[in-house]
Amino acid sequence: MTRVFISGDMASVALGADAVAHAFAAAGCEVVRTGSWGLFSIEPLVEVETGDGRIGFGPVAPGDVAAVLDGSHANRLGDVAALPFFEGQQRFTFARVGIINPLSLDDYGTHGGWRGLDAARLLDPQAVVDAVQASGLRGRGGAGFPTGIKWQTVLSAVDDEKFIVCNADEGDSGTFADRMLMEGDPFCLIEGMAIAGHAVGAGHGYIYIRSEYPFAINVMREAIRLSAARIAPFTLEVRVGAGAYVCGEETALLDSIEGKRGQVRAKPPLPAIKGLFGKPTVINNVLSLAAVPFILAHGPEAYAAIGFGRSRGTMPVQIAGNVKHGGLYEVGFGITLGELVNEIGGGTASGRPVRAVQVGGPLGAYLPPSQFHLPFDYETFTAAGALIGHAGITVFDDSVDMAHMARFAMEFCAIESCGKCTPCRIGSTRGVEVMDRIIAARDSVKSSVRAELIEALPFTSEKSGPSTRSGRMGEGYLNKALYSRAPARIDETLAAQTALLRDLADTMKYGSLCALGGFTPYPVLSALDHFPEDFGAPAPLSEAAE
Ligand SMILES: Cc1cc2nc3c(=O)[nH]c(=O)nc-3n(C[C@H](O)[C@H](O)[C@H](O)COP(=O)(O)O)c2cc1C
Ligand code: SF4
């Protein structure tokens with residue numbers, strides 16, 4: 001019987017993988033459901049087992065069974081691992097995802113699983129914490145805090161009970177790595193949490209997953225059941241969150257697990273000292289915990305050998321939005337933003353020029369192509385007024401209106417605010433109002449000069465209307481063209497309102513209790529600084545010259 005491998009990942013299923021799997025099963029094939037390799041332009045992907053290894057075909061439709069099985073299908077990819085998208089990756093954390101049956105303990109064991117836990121249990125707890133420290137691993141949930149230091153604090157805390165909490169809330173826009181890891185290699189996360197339990201002296205752990213991730217919830221629950229004996233005496237359970245962005249913030253998450261409304265706690269005390277149910281608690285992101293088995297199995301030096309500056313190891317980067325090759329790309333820190341967007345992502349799906357990328361979810365900065373030289377590294381991004389966060393990159397083409405994106409950031413904060421502190425609760429609502437005034441004033445200036453300035457444009461194709469492939473002139477491009485030629489026409493309201501916006505952003509940045517209010521100024525101010533023309537100001541000279 002021919003064996004085929006088809007992803008059961010939620011994104012693959014959304015692209016039709018279930019129907020394809022049924023068609024192959026109906027044709028008498030043995031169908032093994034795997035996680036996804038992470039390149040969605042080739043999904044639904046079917047890999048056929050042959051004497052020469054697995055041969056990939058994708059995308060495949062349910063009616064393609066015969067052509068795939070006789071090898072004549074036009075979308076024959078060959079060895080998937082050898083495709084350019086995968087060849088350049090350094091898959092430490094995602095090494096098994098797309099390859100194994102996620103719920104097969106045999107598969108996990110034969111592909112290197114449990115080696116980290118076995119190695120850790122031969123060491124005393126302090127040595128395990130030391131290994132994590134030596135690896136240079138920093139939290140992948142957003143803040144980049146050194147994982148080893150957090151574990152050391154919990155190890156040193158004296159209490160009768162301690163907990164390990166995995167933050168699988170993954171609320172950032174354009175991110176899906178936690179979900180893919182949980183669906184594609186759940187035992188890896190379980191192993192990482194069991195190692196953490198041994199390292200700090202915790203006997204029980206919780207995995208907090210948002211309700212929008214039903215596949216991950218089911219896979220994790222089943223994987224916990226299957227591996228219970230392997231990780232004993234450590235025990236685990238899944239808790240399902242209702243999907244509030246703020247419940248990804250670690251202290252709000254702890255409140256949510258405790259059955260309370262998810263609201264941010266004032267720190268100190270740190271969760272490492274007084275966390276879940278008042279006990280010392282390690283709280284880490286999925287990717288931080290899933291990196292640990294590799295570190296213990298291969299040694300901290302192997303992990304630390306990859307990276308850039310103080311950002312060690314690999315980062316599973318998620319490329320999404322208006323991009324040709326969206327997906328997951330695990331690579332050592334140091335790769336440039338431009339390589340990720342243009343070379344690996346292949347530029348925009350619309351074929352228009354990239355105008356902006358937002359890195360790090362809804363609280364991340366918008367960066368123009370002039371920043372594409374930046375290497376992916378926590379410190380470099382901070383110095384550039386940006387953040388890496390959970391490494392989601394959302395790509396926008398030149399039809400994006402950055403003033404609307406700044407308004408969206410304020411509105412997102414207003415909707416998701418937990419309401420505990422004034423700068424965020426009130427400031428975000430005032431921010432939406434300021435943005436509404438800026439957009440209204442800009443649009444009134446724009447409509448009064450639009451026709452005459454289009455006429456003054458040097459490009460005849462622009463004068464006659466759209467010149468781009470999609471047939472619509474990008475508003476961003478138009479703003480740049482208009483305002484770089486009409487600085488004198490800028491309305492006074494705009495100047496006053498942008499000053500007010502900066503003032504408000506300052507209050508939110510320095511006065512908010514947590515990063516939801518404190519980081520909302522990043523997308524707002526980066527949009528204003530890099531794309532001033534969309535706020536009614538002249539474009540910066542370097543940008544205007546592009
Ligand atoms: C509003 C807000 C949302 C957050 N959402 C997440 C999330 O979805 N997943 C996550 O791992 N960390 C999230 N964080 C960061 C966590 O508070 C915390 O830093 C992280 O879980 C610690 O784990 P790490 O050290 O492994 O990154 C969020 C923070 C804030 C302020
Ligand atoms: S900044 Fe303040 S109001 Fe906003 S989510 Fe954080 S604690 Fe809540």
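Helices (H or I, at least four residues) and strands (E, at least two) are DSSP runs, numbered from the N terminus. The views below show a predicted model, in which local features need pLDDT of at least 70, side-chain atom pairs count only at pLDDT 80 or more, and totals for chains, interfaces and linings use all residues. Residues are numbered from 1 along each chain as its sequence is written, while chains are lettered from A and ligands numbered from 1 in the order in which they are written.

**View 1. The shell around ligand 1.** There are 22 residues around ligand 1, and Gly139, Gly141, Gly248, Asn285 and Ser288 come nearest; a residue is near a molecule or strand if its C-beta atom, placed from the backbone, lies within 6 Å of it. β9 (281–285) and α22 (515–519) each supply at least two residues of this shell. The most comes from β9, with 3 residues. By class, the shell has 8 nonpolar, 9 polar and 5 charged residues; Ala, Val, Leu, Ile, Met, Phe, Trp, Tyr, Cys and Pro count as nonpolar, Asp, Glu, Lys and Arg as charged, and the others, Gly among them, as polar. Domain 2 (105–304) and domain 4 (402–544) each contribute at least three residues to the shell around ligand 1. The domain bounds come from an automatic or database domain assignment.

**View 2. The shell around ligand 2.** Of the 14 residues around ligand 2, those that come nearest are Cys418, Cys421, Cys424, Cys514 and Gly517. At least two residues of the shell come from each of α18 (422–456) and α22. The shell around ligand 2 divides into 8 nonpolar, 4 polar and 2 charged residues.

**View 3. Helix α12 and its cover.** Helix α12 (residues 250–257) is mostly covered, with 7 of its 8 residues buried. A residue is buried if 20 or more other C-beta atoms lie within 10 Å of its own, exposed if 12 or fewer, and partly exposed in between, with C-beta atoms placed from the backbone. The buried residues of α12 are Glu250, Thr251, Ala252, Leu253, Leu254, Ser256 and Ile257. Their cover includes β6 (163–168), β7 (204–210), β8 (235–241) and β9.

**View 4. The open sheet around β16.** The sheet is open and mixed, with 5 strands in the order β13-β12-β16-β14-β15. β13 (327–332) and β15 stand at the edges with a single partner strand each, so one side of each has no neighbour in the sheet. Two strands pair if DSSP finds at least two bridges between them. Strand β12 (residues 314–321) runs parallel to β16 and is joined to it by 4 bridges; here glycine 321 stands opposite valine 395. On β14 (residues 354–359), the pairing with β16 is antiparallel over 5 bridges, and valine 354 stands opposite aspartate 397. β14 also pairs with β15 in the antiparallel sense, over 2 bridges, where glutamine 358 has tyrosine 366 as its bridge partner.

**View 5. Burial of strand β16.** In β16 (residues 392–397), 6 of the 6 residues are buried, so the strand is largely enclosed by the rest of the structure. Gly392, Thr394 and Phe396 point one way, and Ile393, Val395 and Asp397 point the other way.

**View 6. The contact between domain 3 and domain 4.** The protein is divided into domain 1 (3–84), domain 2 (105–304), domain 3 (307–397) and domain 4 (402–544). The contact takes 18 residues from domain 3 and 20 residues from domain 4, where two residues are in contact if their C-beta atoms, placed from the backbone, lie within 7 Å. On the side of domain 3 that touches domain 4, β14 and β15 (366–367) each supply at least two residues. The largest share of that side, 3 residues, comes from β14.
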